[in-house]
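Visitor: I'd like to learn how to read a structure like this one. Could you walk me through it, feature by feature?

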Amino acid sequence: MPRRVRISLLIGIISGLFCWVGSRGRPEVTGWANRAGDFGWAILAAQDLCNGRDPYDRPFAREVVPYPIPAALLALPVSWLRHDLAGALFFGLSSALLAAGLLRKGNGALWVFLSYPYFAALQNTQWAPLVMAAAVHPLLLPVPLA
């Protein structure tokens with residue numbers, strides 16, 4: 001297995017584990033802000049789509065601006081998992097894709113995984129690593145639409 005793939009997988013696994021452990025340690029999370037953090041609305045919307053319900057017809061939709069439907073489509077593959085696991089898997093895969101793209105230019109850009117913005121994204125299971133991965137992988141360019 002190439003070195004770039006091994007490093008990317010390691011970063012993805014470690015970040016996914018940290019994301020999962022962090023979400024498990026938040027018992028105060030209730031209501032619409034489930035344990036999947038920022039990715040939670042996409043999971044709920046994907047579940048609604050699978051069950052034939054309107055994803056925008058939830059009480060929290062009046063409090064926050066929900067994501068567009070493409071976000072729910074990206075969450076479909078993991079919508080059957082528990083929210084904390086789905087969020088961790090999403091964040092780990094996003095981080096692995098970002099690492100694979102950054103490693104094309106050498107190891108120097110991997111410092112991004114030790115930055116505060118990345119740590120804040122990890123704490124809240126945000127989309128930032130996947131959006132950044134779209135900047136280095138041309139096939140992922142449609143992802144920011146979500």
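Guide: From the N terminus on, the elements of the protein chain run α-α-α-α-α-α, that is, six helices and zero strands. Helices (H or I, at least four residues) and strands (E, at least two) are DSSP runs, numbered from the N terminus. This is a predicted model, in which local features need pLDDT of at least 70, side-chain atom pairs count only at pLDDT 80 or more, and totals for chains, interfaces and linings use all residues. Residues are numbered from 1 along each chain as its sequence is written, and side-chain values use heavy atoms, with hydrogens and water left out.

Visitor: What percentage of the 146 residues of the protein chain count as buried?

Guide: The share is 42%. Buried means under 20% relative accessible area, exposed over 50%, and partly exposed in between (1.4 Å probe, protein chains only).

Visitor: Which residues have the most contacts inside the largest nonpolar core?

Guide: The general idea first: in soluble globular proteins, nonpolar side chains tend to be buried together. A nonpolar core is a set of buried Ala, Val, Leu, Ile, Met, Phe, Trp, Tyr and Cys residues joined through side-chain atoms within 4.5 Å. Here the largest one has 34 residues, and Phe-39, Phe-113 and Trp-127 have the most contacts inside it. Helix 1, helix 2 (40-50), helix 3 (69-75), helix 4, helix 5 and helix 6 each give two or more residues to this core. Helix 4 supplies the largest share, seven residues.

Visitor: What does Phe-113 touch, beyond residues up to four places away in sequence?

Guide: Its partners are Ile-11, Ser-95, Leu-98, Ala-99, Leu-102 and Tyr-118. Contact means heavy atoms within 4.5 Å.

Visitor: Which residues of helix 6 are buried?

Guide: Start with the geometry: an α-helix has 3.6 residues a turn, so residues three or four places apart point the same way. In helix 6 (residues 128-136), the buried residues are Pro-129, Leu-130, Ala-133 and Ala-134. Seen down the helix axis, they fall within an arc of 145°, so they line one face of helix 6. That arc is taken from the directions from the helix axis to the C-beta atoms. These buried residues pack against helix 4 (83-102) and helix 5 (116-123).

Visitor: Is Leu-103 buried or exposed?

Guide: Leu-103 lies in the loop between helix 4 and helix 5, and it is buried, with a relative accessible area of 9%. Leaving aside neighbours within four places in sequence, Leu-103 is in contact with Arg-4, Ile-7, Ser-8 and Leu-110. The C-alpha atoms of Leu-103 and Arg-4 are separated by 6.3 Å, although these residues are 99 apart along the chain.

Visitor: How many salt bridges does a search of the whole structure find?

Guide: Side chains of opposite charge can pair when their charged atoms come close. The search finds two salt bridges, each defined as a side-chain nitrogen of Lys or Arg within 4 Å of a carboxyl oxygen of Asp or Glu. One joins the side chains of Asp-48 and Arg-53 (2.8 Å, N to O). Asp-48 is buried at 2% relative accessibility, whereas Arg-53 is partly exposed at 45%. In the other, Arg-82 pairs with Asp-84, with the closest N and O atoms 3.0 Å apart. Arg-82 is partly exposed, at 45% relative accessible area, while Asp-84 is buried at 4%.
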